[in-house]
Amino acid sequence: QVQLVESGGGLVQAGGSLRLSCAASGRSFGNYEMGWFRQAPGKERESVSGISRYGTTTKYADSVKGRFTISRDNAKNTVYLQMNRLKPEDTGVYYCATVSILTMRPGDYWGQGTQVTVSS
């Protein structure tokens, strides 16, 4: 069992930055590939980024490449998403989850989500 808790969301103007954190507890965090997903109002959930167990491999959706950076600190059981040059279309609820980085299909464990709102 893994418990995931996101934090760091908020309201920011377009062009600004936010850093999301996802703290894990429970079974060994380092055993899991991790990902970030988001869901905008009225839209389906989409994958944003993923990171391998030791951080050697990362993946990004085309819409965030060059603006977002995923990282993890296994000693702190935490995965991060640094979001720069935010756009209004980045608005949504952001979730961290365990993931298969090969397919970006989510695994069994999800956080409760954190709201990101980007104003124009």
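Disulfide, sheet and core in a predicted model

Modeller: A search of the whole structure finds one disulfide, meaning a pair of cysteine sulfur atoms within 2.5 Å. This is a predicted model, in which local features need pLDDT of at least 70, side-chain atom pairs count only at pLDDT 80 or more, and totals for chains, interfaces and linings use all residues. Residues are numbered from 1 along each chain as its sequence is written, and side-chain values use heavy atoms, with hydrogens and water left out.

Biologist: Which residues does the disulfide join?

Modeller: C22 and C96, with S to S at 1.9 Å. C22 sits in strand β3 and C96 in strand β9, 74 residues apart. Strands (E, at least two residues) are DSSP runs, numbered from the N terminus.

Biologist: What is the handedness of the disulfide?

Modeller: The torsion about the S-S bond of C22 and C96 is about 50°, so the disulfide is right-handed.

Biologist: Are C22 and C96 buried or exposed?

Modeller: Both C22 and C96 are buried. Buried means under 20% relative accessible area, exposed over 50%, and partly exposed in between, with a 1.4 Å probe and protein chains only.

Biologist: Switching to the sheet: what is the strand order?

Modeller: The order is β1-β3-β8-β7, an open sheet of four strands with antiparallel pairing. Two strands pair if DSSP finds at least two bridges between them. β1 and β7 are the edge strands, each pairing on one side only. From one strand to the next, the twist averages 15°.

Biologist: How many bridges join β1 to β3?

Modeller: Six, and the two strands run antiparallel. The bridge partner of E6 in β3 is C22.

Biologist: Now packing. How many residues has the largest nonpolar core?

Modeller: It has 26 residues, and those with the most contacts inside it include L4, W36, F68 and Y94. A nonpolar core here is a set of buried Ala, Val, Leu, Ile, Met, Phe, Trp, Tyr and Cys residues joined through side-chain atoms within 4.5 Å. The largest share of this core, four residues, comes from β3.

Biologist: What is Y94 in contact with?

Modeller: Leaving aside neighbours within four places in sequence, the contacts of Y94 include E6, L20, W36, F68, M83 and V116. Contact means heavy atoms within 4.5 Å.

Biologist: One more residue: where is S52?

Modeller: S52 is in the loop between β5 and β6 (58-60). S52 has 8% relative accessibility, so it counts as buried. Not counting residues up to four places away in sequence, S52 touches E33, T57, R72 and I101.

Definitions and conventions
Axes fitted to C-alpha atoms, helices over the stretch in contact; angles between N-to-C directions.
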